[in-house]
Amino acid sequence: PYVALRMTTGPTNACVNFHCDGPCATHTTQIALNDPTEYDGGRLCFFVHDKLHVQERPKGSVVEHPSQVLHGVTALTRGTRRSLFVVDRMNGLGEGGVVEVKMAQIDHFIAQQAERRFL
């Protein structure tokens, strides 16, 4: 599997258009790393059985879906949305915008999360 931290800071005024994951994918798992009160927009939506479903994603929640499910994300208009993704390596995550993260950045991120817990 391929594990990636996706962090988006708004306002982006852009969305992730509805799509199905790549033909090599079997499923996608994402874990919400922050509370949705920290951002506006950025809502995960699924279109299943001719109905739109907006998925609630409280901090720490896990959402898993098969690759053939049509899904997208609404525009992030405020704050920062953080998610951890686990996907099949062949599926990818839109590598055009993927940034390689150094260990020092990971340590900094973890320290920030720990500090927030004590505030």
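The structure is a predicted model, in which local features need pLDDT of at least 70 and side-chain atom pairs count only at pLDDT 80 or more, while totals for chains, interfaces and linings use all residues. Residues are numbered from 1 along each chain as its sequence is written, and side-chain values use heavy atoms, with hydrogens and water left out.

A salt bridge was taken as a side-chain nitrogen of Lys or Arg within 4 Å of a carboxyl oxygen of Asp or Glu, and the count comes to one. It joins the side chains of Arg78 and Asp40, with 2.9 Å from N to O. The two partners are 38 residues apart, Arg78 in strand S9 (residues 76-87) and Asp40 in strand S4 (residues 39-41); strands are DSSP runs (E, at least two residues), numbered from the N terminus. Both ends are partly exposed, Arg78 at 37% relative accessibility and Asp40 at 35%; here buried means under 20% relative accessible area, exposed over 50% and partly exposed in between (1.4 Å probe, protein chains only).

Leu52, in strand S6 (residues 51-55), counts as exposed because its relative accessibility is 51%.

Finally, Arg6 belongs to strand S1 (residues 2-9) and is partly exposed at 30%. Its C-alpha atom is separated by 6.2 Å from that of Leu84, 78 residues apart along the chain.

Notes. Helix = DSSP H or I, 4+ residues; strand = E, 2+ residues; numbered from the N terminus.
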